[in-house]
Amino acid sequence: MPAELSVGFESAAGHRSPHGGPEDAPGIGMIAPFDFALDRELWRWAPDDTSLYLTRMPFLTTPMTVDMAEAIADRRPVRRATRDVLTPRPGVVSYGCTSGSFVGGAAAEYVLHRTILDAGAPRASTTSGALVEALAVLGVSRLAIATPYIAAVTERLVGFLHDHRVETVASEGLGLIGNIWRTTYEQVVEIVRAVDRPEAQALFISCTNLPTYDVIEPLERALGKPVLTANQVTMWDACRKIDRAAVGGGRLLESWKPGDPATCLPEQTVGLSTI
């Protein structure tokens with residue numbers, strides 16, 4: 001190689017690669033429901049040096065009910081999906097479905113988490129487990145929740161939060177059983193405003209198929225409290241478990257920085273989910 005070209009290569013993050021090839025940065029393996037349509041939103045949270053390796057669960061004809069959430073949480077397809085996405089060697093495998101990770105309560109989320117680890121993932125995360133950890137980091141124990149679900153599914157989320165000693169002070173659902181990803185930002189903002197209560201320390205917008213990236217900061221400014229969303233907590237937790245910071249706004253993302261062992265790798269477990 002000519003001398004003037006023998007200088008190595010440098011990424012946007014300032015990391016040099018002496019051989020000029022891709023850096024060995026850990027990626028994120030993402031297990032998504034079959035109907036997940038917001039791949040682009042997940043990528044918006046990803047740092048420049050971090051790849052997302054998405055795989056999907058098997059197709060189901062069931063509408064978005066408790067039965068569907070339970071089917072998506074079946075350990076067998078989760079185990080297969082984990083093994084499928086391990087080929088590019090991600091640093092963490094995340095189960096990116098809120099309802100599937102809360103529908104069976106805290107114990108079932110723990111089993112789901114263990115299933116991913118037992119299938120060979122170096123680290124694991126689930127959307128609902130990530131929510132619990134985010135609430136702990138922010139010191140939130142009273143929460144208002146907005147969901148796209150029917151009442152029976154929303155009630156399972158309330159129960160999951162109760163398992164983790166988080167009080168739901170108010171909840172509202174859109175009553176959707178399909179095509180959740182078509183929900184507009186205006187609808188999201190409307191339901192969040194409707195469910196907010198003075199006693200709520202924060203708000204959570206459930207479902208990874210609900211678009212929320214651009215409304216988090218405006219809602220926080222309007223309501224004066226943290227606003228958490230399913231894709232936000234999913235990517236925040238997956239990124240911090242490979243010591244990366246998710247890209248975006250909101251108070252949650254300000255709660256820690258890469259390299260901080262007190263937040264990236266907690267010494268004590270939070271609920272049942274941190275391993």
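This report describes the sheets, helices, core and cysteines of one predicted model.

## Basis of the description

The model is predicted, and local features need pLDDT of at least 70, side-chain atom pairs count only at pLDDT 80 or more, and totals for chains, interfaces and linings use all residues. Residues are numbered from 1 along each chain as its sequence is written, and side-chain values use heavy atoms, with hydrogens and water left out.

Helices (H or I, at least four residues) and strands (E, at least two) are DSSP runs, numbered from the N terminus. Two strands are said to pair if DSSP finds at least two bridges between them.

## The sheet of β4, β3, β5 and β6

Four strands make up an open sheet with parallel pairing, in the order β4-β3-β5-β6. Its edges are β4 (52-56) and β6 (124-126), each of which pairs on one side only. On average, and with direction ignored, neighbouring strands of this sheet are turned by 20 degrees against each other; axes here are lines fitted to C-alpha atoms, for helices over the stretch in contact, and angles run from 0 to 180 degrees between N-to-C directions.

Strand β5 (residues 92-95) runs parallel to β6 and is joined to it by three bridges, with Tyr95 standing opposite Thr126 in β6. Helix α3 (residues 75-85) packs on the sheet, where it touches β3 (28-32), β4 and β5, and its direction makes about 145 degrees with that of β3. Helix α5 (residues 105-118) also packs on the sheet, touching β5 and β6, with its direction at about 145 degrees to that of β6.

## The sheet of β8, β7, β9 and β10

Another open sheet of four strands, again with parallel pairing, has the order β8-β7-β9-β10. The edge strands are β8 (167-173) and β10 (227-229), each pairing on one side only, and neighbouring strands are turned by 20 degrees against each other on average, direction ignored. Strand β7 (residues 142-147) pairs with β8 in the parallel sense over six bridges, and Ala144 stands opposite Ala170 in β8. Helix α8 (residues 185-195) packs on the sheet and touches β7, β8 and β9, its direction making about 145 degrees with that of β7, while helix α7 (residues 151-163) lies across β7, β8 and β9 (202-205) and runs at about 155 degrees to β7.

Strand β9 is joined to β7 by four bridges, the two running parallel, and Phe204 in β9 is the bridge partner of Ile145. β9 also pairs with β10 in the parallel sense, over three bridges, and there Val227 in β10 is the bridge partner of Leu203. Ala202 and Phe204 point one way from β9, Leu203 and Ile205 point the other way, and all are buried, where buried means under 20% relative accessible area, exposed over 50%, and partly exposed in between (1.4 Å probe, protein chains only).

A nonpolar core is a set of buried Ala, Val, Leu, Ile, Met, Phe, Trp, Tyr and Cys residues joined through side-chain atoms within 4.5 Å. The largest such core has 80 residues, and those with the most contacts inside it are Ile28, Tyr95, Leu143, Leu161, Val192 and Met235; helix α10 gives the most to this core, with six residues. Apart from neighbours within four places in sequence, Val192 is in contact (heavy atoms within 4.5 Å) with Ala146, Leu203, Ile205, Leu219 and Leu223.

Gln232 is found in helix α10 (residues 230-240) and is buried, with a relative accessible area of 0%. A polar atom of the Gln232 side chain lies 3.1 Å from the backbone nitrogen of Thr229. Leaving aside neighbours within four places in sequence, the residues in contact with Gln232 include Trp45, Ile216, Val227 and Gly249. By contrast, Ala152 in helix α7 is partly exposed, with a relative accessible area of 36%, and its C-alpha is 9.8 Å from that of Gly173, which is 21 residues apart from it in sequence.

## Cysteines

With a disulfide taken as a pair of cysteine sulfur atoms within 2.5 Å, the count comes to zero disulfides. The sulfur of Cys207 has its closest cysteine sulfur in Cys97, 7.0 Å away, which is too far for a bond. Cys207 counts as buried at 10% relative accessibility, and Cys239 counts as buried at 0%.

Technical notes: Polar contact = N/O pair within 3.5 Å; in protein donor to acceptor, adjacent residues only side chain to side chain.
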